[in-house]
Structure formats: structure tokens, C-alpha cells
Amino acid sequence: MSEKVMAEFLDAVPHVQSVSVADAGHMVAGDSNHAFTRAVIEFLKSERANE
């Protein structure tokens with residue numbers, strides 16, 4: 001996804017979060033499983049902190 005498209009999406013959906021995963025290809029969870037898992041865990045921790 002291009003940076004421009006991502007910026008437009010983030011503007012259109014303000015509650016969404018974006019995380020860049022370096023060296024991941026088309027399927028982040030398969031190409032960079034540890035980085036994907038870390039990003040998901042950090043997201044869940046931040047959501048729980050906001051409860």
C-alpha cells in the first residue's frame with residue numbers, strides 16, 4: 001500500500017492504527033511473524049490500558 005493511500009485511510013478512519021513492519025512482504029503474519037505478534041501484543045496492551 002502506498003504512503004498516500006495509507007494517509008488517506010488514516011484520515012478517513014480516525015480510530016484505526018497503523019504499524020510498519022520492516023522487511024515484511026505481502027503477508028506480514030507469515031513473512032515476519034515475530035514482528036507481527038509484537039505489534040498485536042502492543043496494540044492489545046494499549047487497548048487494555050484505555051479501558
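**Entry 1: Glu42 and Lys45**

I looked up Glu42 and found that it forms a salt bridge with Lys45, the closest N and O atoms being 3.8 Å apart. A salt bridge here is a side-chain nitrogen of Lys or Arg within 4 Å of a carboxyl oxygen of Asp or Glu. I note that this is a predicted model, in which local features need pLDDT of at least 70 and side-chain atom pairs count only at pLDDT 80 or more, while totals for chains, interfaces and linings use all residues. Residues are numbered from 1 along each chain as its sequence is written, and side-chain values use heavy atoms, with hydrogens and water left out.

Why are Glu42 and Lys45 separated by about one helical turn? Because they stand three residues apart in helix α3 (residues 33-49). Helices (H or I, at least four residues) and strands (E, at least two) are DSSP runs, numbered from the N terminus. Glu42 is partly exposed, at 48% relative accessibility. Buried means under 20% relative accessible area, exposed over 50%, and partly exposed in between (1.4 Å probe, protein chains only).

**Entry 2: Glu8 and Lys4**

How many salt bridges does the rule give? I get two. Glu8 forms one with Lys4, with 3.6 Å between the closest N and O atoms. Both residues lie in helix α1 (residues 3-12), four residues apart, about one turn of the helix. Glu8 is partly exposed at 43% relative accessibility, whereas Lys4 is exposed at 60%.

**Entry 3: a nonpolar patch**

I then checked the surface for nonpolar side chains. Phe36, Val40, Phe43 and Leu44 form a patch with about 330 Å² of accessible area together. Patch residues have over 30% relative accessible area and no salt bridge; like charges are joined within 9 Å, and nonpolar side chains (Val, Leu, Ile, Met, Phe, Trp, Tyr) within 5 Å. Accessible areas come from the Shrake-Rupley method with a 1.4 Å probe, and for residues only the protein chains shown count as cover.

Phe43 lies in helix α3 and is partly exposed, with 37% relative accessible area. Val40 lies in helix α3 too, and is partly exposed at 34%. I also looked up Val40 against Val16: they are 24 residues apart in sequence and 13 Å apart in space, C-alpha to C-alpha.

**Entry 4: the whole chain**

I find three helices and zero strands. Of the 51 residues, 6% count as buried. The C-alpha trace spans about 35 × 30 × 10 Å along its principal axes. The chain exposes about 4,600 Å², and carbon and sulfur atoms supply 57% of it.
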